[in-house]
Amino acid sequence: MSKISLSPNNDFCPQTLFLYGTYDEDGKPNFGLFCWASYIWDTELGFMTCIGDEKLTKDRIRANGVFSANLVTEKLLPLADYLGNTEGRNGGKKGLDIRAEQGRALNVPILSDSPVSFELEVTKTIETDDGTVFLCRIRNVLQEDFLCDESVSLQERIRKAAPVSTTCGTYFSYDGNAVGAWGEPQKSFAQNGK
């Protein structure tokens, strides 16, 4: 195998997609699409994310110190893609009919149709030149019961959850098949009247 040097990129390191949930100033659920997330260890399992640029979701996380991270699935991808390509600060997301419920441990909106949702409390914020890293404690995990059924293989449970990842401007299914370029899945969401 031969390797070549390239400029910094993460092209072949697909990342899982999450819809981060916060409440806006009016108490309405707000969700934004993000993928720069991973896990940390600091006496317990935690969650970390980096959010570049300034956006409504980051404003609300800073204001409240809590948010949810909801796993994006193939079924949720059209909505997620729409939310990821729509500016929240100018009201572009207002009026959407998004099925959300209240978190069980924190005052955060949970996306009802996501099979896995984390309720997160920010413990440390690190400002960079044009991004913000949030280190979080996981205060609760809400998970569909089918994911806990150990009589079903882990492979089958993950296949049923159908998480979506992304890299190179493309969304991928759990099994590695491309399911659309960034901006494409939202078209079916918009055609169905949002």
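Predicted model: local features only at pLDDT ≥ 70, side-chain atom pairs only at ≥ 80, totals over all residues.
Helices and strands are DSSP runs, numbered from the N terminus.

Classified by residue type, the lining of the second largest pocket contains 8 charged, 6 nonpolar and 4 polar residues.

Strand 3 (29-34) and helix 1 (56-64) also each supply at least two lining residues to the largest pocket, as do strand 5 (45-52), helix 2 (77-84) and strand 11 (165-167). The space in the largest pocket amounts to about 680 Å³. It is lined by 29 residues, and those closest to its centre are Leu-33, Phe-34, Cys-35, Gly-84 and Trp-182. The lining of the largest pocket divides into 13 nonpolar, 11 polar and 5 charged residues.

The largest nonpolar core consists of 19 residues, among which Phe-18, Tyr-20, Phe-47, Phe-118 and Leu-120 touch the most other members. At least two residues of this core come from each of strand 2 (18-23), strand 5, strand 6 (66-71), strand 9 (116-127) and strand 10 (131-143). Strand 9 makes the greatest contribution, with 4 residues. Another core, of 17 residues, lies apart from the largest one and includes Leu-17, Tyr-82, Leu-83 and Tyr-171.

Definitions and conventions:
Residues numbered from 1 in each chain as written. Heavy atoms only, no water. 1 Å grid on protein atoms, 1.4 Å probe; cavity = no way out; pocket = protein on both sides within 12 Å on 5 of 7 lines; lining within 4 Å. Points joined across faces, edges and corners; volume = space filled by probe spheres on them. Nonpolar A, V, L, I, M, F, W, Y, C, P; charged D, E, K, R; others polar. Core = buried A, V, L, I, M, F, W, Y, C linked by side-chain atoms within 4.5 Å. Buried < 20%, exposed > 50% of the residue type's maximum accessible area, 1.4 Å probe, protein only.
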